Amino acid sequence: MSTRTFRITVRGAFDALTDAQRAALLADAAEHDVLRAAFTPEGTLTYDIAARPAFVFRFSATGEKEEDVLEATERAEESARSWLAARGYGFKHLRTTAEDLSQAPLGKRQRRAARTTGL
């Protein structure tokens, strides 16, 4: 059985932030800039609190079966909730999506490479 790679995105909005929490997020904003966004096992948080209260966590996970994406999605959402709760940040409208990269359509370069290698 081959290993599948999953990309999991947890989106939401900060809610009822105190002035101190907003200041802390603004102070750390450079570390959480969208230009640093990456799908990682531990998760990457991005936000632009100066523009709007939305945030995005990006996680990567692996599994062997298609059903493993469900467990990976639950772990990612729980990890995001834990990170927010540990810092006392309120949040709302949490929604999670997952993509199994083995099911994703091939891009133009990937199709060309598959043709030249005979896959």
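I read the order of elements from the N terminus as β-α-β-β-α-β-α. I noted that the model is a predicted one. The tally I recorded is 3 helices and 4 strands.

*Overall values.* I looked up burial for the chain: of its 119 residues, 29% count as buried. The exposed surface comes to about 7900 Å², and carbon and sulfur atoms supply 50% of that area. I then checked contacts with a separation of 6 or more, and found that residues 24 or more positions apart account for 68% of them.

*Nonpolar core.* I turned to the largest nonpolar core, which has 19 residues; within it, I8, F14 and F57 touch the most other members. I listed the elements that give two or more residues to this core: β1 (4–15), β2 (44–47), β3 (54–63) and α2 (68–86). The most comes from α2, with 5 residues.

*A38.* I located A38 in the loop between α1 (19–27) and β2. I classed A38 as partly exposed because its relative accessible area, 31%, lies between the 20% and 50% cut-offs. Not counting residues up to four places away in sequence, A38 touches T44 and R58. I also took the C-alpha separation of A38 and S60, which is 8.9 Å for two residues 22 apart along the chain.

Conventions:
Residues are numbered from 1 along each chain as its sequence is written. This is a predicted model: local features need pLDDT of at least 70, side-chain atom pairs count only at pLDDT 80 or more; totals for chains, interfaces and linings use all residues. Side-chain values use heavy atoms; hydrogens and water are left out. A nonpolar core is a set of buried Ala, Val, Leu, Ile, Met, Phe, Trp, Tyr and Cys residues joined through side-chain atoms within 4.5 Å. Buried means under 20% relative accessible area, exposed over 50%, partly exposed in between (1.4 Å probe, protein chains only). Contact means heavy atoms within 4.5 Å. Accessible areas come from the Shrake-Rupley method with a 1.4 Å probe; for residues, only the protein chains shown count as cover.
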